[in-house]
Amino acid sequence: MLDIQPLKSFNPPFQVTSCIDDHFKTVSTWLGRDMRTMYADAWAFEYNADAQQLLLDRIVYPRLNLGYLDTYHGIKVDFTDRNFSGTVLNSNEDEKPFLDMLQSQLDAGMAVLVGIDVYYCPWSDGYLKTHARHSCLAVGIDQKDQKIMLVDAYYVQKNMEMELQLFLNISFYYAIFRKTDPCSFHNDWKGLLSSSLYDQTSVPTMQNSIRNLEKFAKAYSEEGIIISDPKVDTQHAIFQWMRFSLARLRYASFIFYLHELSQEDMLHTIGGQYLELARRWDAIMHQSIKSSFSGDPVNQRQKIYNKMLFIIQNESELLNQLQDLA
């Protein structure tokens, strides 16, 4: 069994959920590598103005930049989905190849990221209560007792046992890690900053991201957040709102990484200001949900809207400063 210490990716004074970040942090540290360039796109924001969707379902943040993770840190990650519909396994035809792959990776000394359902994790707060997508690291298999050992960095749990057959029935994806050689221009912080701001064809421009945030804020002032089923809708709203704070935490982490490479004081200052933006978006989340339970009055939405515009203006100024540095 692999000896891997679970690590948290962020430790803000407010709740942000990201098991993926925690497990990438855990694996990269275990491998003796960094991972923070994979947050280079975290500033980008898309807004799909489809009135048929709930407001918070119209937001799109970029996925982790796995290309940068490979190029700059020498960690290649390949994700594979299994045949699931929601929480139901459609076919177990891949069960033996899946198990063989897990054993092969573990025998080679490499952990495997696996998707699971918190409903079946006794150590989670969702055990036998809520079906939700989660992830862990597979670190060992006991074929004799038919158990799999998991590290759950999100809950900071090490070597948790699960029945092997149950795991095979509920694991909906896996990701294989492989060490590669980082690029030779790893320390060119200006080149990295410039490419992250200007060379990303899959994300909107900085100006469009700011405009998209303004469009979202305006739509919030007009529509508010709909909470029909308090138990289900509130959890979904919290999860979606958290993405605003998480994106700023991720980007702050990237900026602090650039500061470590460059020793440029301005980058340390900007990183700290992005942490403050994360805190402010967390406050917006709480205020908007509280307002929705009070009937979401127009005057309250307007106050929150004005706060959003202030936050967005601050972020626009920070991005302009980063442009100047690049």
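1. Is glutamine 146 buried, partly exposed or exposed? Glutamine 146 is partly exposed, with a relative accessible area of 36%, where buried means under 20% relative accessible area, exposed over 50%, and partly exposed in between, computed with a 1.4 Å probe on the protein chains only. This residue is placed in the loop between strand 7 and strand 8 (147-152), and although glutamine 146 is not a glycine, its phi is positive, about 55°. Most residues other than glycine have a negative phi.

2. Some ground rules come before the rest. This is a predicted model, in which local features need pLDDT of at least 70 and side-chain atom pairs count only at pLDDT 80 or more, while totals for chains, interfaces and linings use all residues. Residues are numbered from 1 along each chain as its sequence is written, and side-chain values use heavy atoms, with hydrogens and water left out. Helices (H or I, at least four residues) and strands (E, at least two) are DSSP runs, numbered from the N terminus.

3. The largest pocket has a volume of about 2,000 Å³. On a 1 Å grid over the protein atoms alone, a pocket is an open set of points where a 1.4 Å probe fits, with protein on both sides within 12 Å along at least five of seven lines, and lining residues have an atom within 4 Å of a point. The points are joined across faces, edges and corners, and the volume is the space filled by probe spheres set on them. Of the 46 lining residues, the closest to the centre of the pocket are Thr17, Cys19, Arg133, His134 and Phe239.

4. Helix 7 (230-262) supplies the largest share of that lining, twelve residues, and helix 1 (19-30), strand 3 (75-81) and strand 7 (133-142) each supply at least two. By class, the lining has 23 nonpolar, 13 polar and ten charged residues.

5. Helix 1 has twelve residues and reaches 16 Å from its first C-alpha to its last, close to the 16 Å expected at 1.5 Å a residue, the expected span being 1.5 Å times one less than the number of residues. Among its buried residues are Cys19, Asp21, Asp22 and His23. Just after helix 1, glycine 32 takes a positive phi of about 75°.

6. The largest nonpolar core has 109 residues, and Phe216 and Trp241 are among those with the most contacts inside it. Such a core is a set of buried Ala, Val, Leu, Ile, Met, Phe, Trp, Tyr and Cys residues joined through side-chain atoms within 4.5 Å. Helix 7 gives the most to this core, with 13 residues.

7. Serine 253 is placed in helix 7 and counts as buried at 14% relative accessibility. Leaving aside neighbours within four places in sequence, serine 253 is in contact (heavy atoms within 4.5 Å) with Phe10, Arg36 and Tyr39.

8. Helix 6 (residues 206-223) has 18 residues and reaches 26 Å from its first C-alpha to its last, close to the 26 Å expected. Phe216 is one of its buried residues, and, not counting residues up to four places away in sequence, phenylalanine 216 touches residues including Phe45, Tyr47, Trp241 and Met308. The buried residues of helix 6 pack against elements including helix 7, helix 8 (265-292) and helix 9 (298-325). Helix 6 is followed by glycine 224, whose phi is positive, near 75°.

Notes:
Nonpolar A, V, L, I, M, F, W, Y, C, P; charged D, E, K, R; others polar.
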